[in-house]
Amino acid sequence: MSPSEIERIFNSQDEEIHDYATAMKRSRHLALLLIFSLALSTPALAASPKKGSACKKEKLTSISQGKKFTCIKKGKKLVWNKGVKVSSKKAKASKKPTSAPATTARPTPTPTPTPTATATPTPTSTSKAATAGYTLEQVRANNNASSCWSAIDGSVYDLTKWIGSHPGGAANIRGLCGIDGTSAFKSRHGNSSGPTGQLANYLLGPLR
Ligand code: HEM
């Protein structure tokens with residue numbers, strides 16, 4: 001029904017309703033005008049930005065459906081550009097390697113036993129063997145004038161050089177080579193300081 005039709009209908013009514021009809025006609029015109037103007041203006045503004053659709057102000061940005069649209073000038077028009085995907089922080093984070101490369105099971109090295117500091121006897125001025133002492137076995141092996149060892153009172157002596165120097169004769173000393181000479185020495189020299197002092201010069205070490 002067009003406004004002219006309405007007008008005709010209203011005109012055909014009797015005088016009583018004439019004023020009312022006129023008022024209605026005016027308000028109808030107004031309403032139509034309002035609807036028309038709204039229809040023209042709203043869609044472009046209200047619509048969410050999409051590529052090519054009109055926008056209001058240059059450089060204006062709007063985010064819609066994961067895209068950031070920017071208002072650009074296209075010819076004389078202002079339109080939304082194609083939009084750029086909005087990269088979320090999550091996406092950035094995923095670029096980083098989430099976990100370090102799995103380390104291959106390395107064979108755990110078996111701990112090498114570290115030598116514990118045991119109470120080792122402090123080495124003396126002589127040799128290691130001296131520290132450890134000498135066996136009677138070793139004394140027995142040095143039983144001649146070229147190498148004369150004797151064990152006296154728990155200590156081992158190398159009397160090789162004393163053989164030719166003994167005031168009581170070489171034979172008495174040779175007689176001690178390769179044996180435990182404690183009783184022979186003590187029976188002759190007992191606790192006399194001279195022979196005991198001389199003996200100390202030829203000490204090898206303790207008898208084991
Ligand atoms: C490794 C052992 C010996 C040592 C270091 C030794 C040392 C001496 C010394 C230093 C003397 C000089 C005098 C003294 O100070 O009394 C002496 C004298 C003498 N020693 Fe030995 N002696 C040894 C073993 C023997 C043995 C086994 C005998 C005989 C069993 C013997 C018989 C004598 C005699 C007879 C004298 C006296 C010499 C003298 O008085 O003129 N000694 N000895």
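A residue counts as buried under 20% relative accessible area, as exposed over 50%, and as partly exposed in between (1.4 Å probe, protein chains only). The model is predicted, so local features need pLDDT of at least 70, side-chain atom pairs count only at pLDDT 80 or more, and totals for chains, interfaces and linings use all residues. Residues are numbered from 1 along each chain as its sequence is written, and side-chain values use heavy atoms, with hydrogens and water left out.

The chain has 8 helices and 9 strands. These are DSSP runs, numbered from the N terminus: helices are H or I with at least four residues, strands E with at least two. Buried residues make up 19% of the 208 residues. A contact means heavy atoms within 4.5 Å. Among contacts with a separation of 6 or more, 44% join residues 24 or more positions apart.

Asparagine 81 sits in the loop between strand S3 (77-80) and strand S4 (84-85). Its relative accessibility is 18%, so asparagine 81 counts as buried. Leaving aside residues up to four places away in sequence, asparagine 81 touches Lys51, Lys68, Phe69, Thr70 and Ile72.

Serine 155 belongs to strand S7 (residues 155-158). Serine 155 also counts as buried, because its relative accessibility is 18%. With residues up to four places away in sequence set aside, serine 155 touches Ser150, Leu203, Gly205, Pro206 and Leu207.

The iron atom of the ligand has two protein donors, His166 (NE2) and His189 (NE2), at 1.9 to 2.0 Å. Histidine 166 lies in the loop between S7 and helix H6 (170-174) and histidine 189 in helix H7 (residues 182-189), so the pair ties together parts 23 residues apart in sequence. Donors are N, O and S atoms within 2.8 Å of the metal (3.2 Å for Na, K and Ca); water is not among the atoms, so sites may look incomplete. Histidine 166 counts as buried at 15% relative accessibility. Histidine 189, at 22%, counts as partly exposed.

The largest pocket holds about 360 Å³ of space. Its lining comprises 18 residues, of which Trp162, His166, Ile173, Phe185 and His189 are the closest to its centre. A pocket is an open set of points on a 1 Å grid over the protein atoms alone, where a 1.4 Å probe fits, with protein on both sides within 12 Å along at least five of seven lines; lining residues have an atom within 4 Å of a point. H6, H7 and helix H8 (193-200) each supply at least two lining residues.

Technical notes
Grid points are joined across faces, edges and corners, and a volume is the space filled by probe spheres set on the points.
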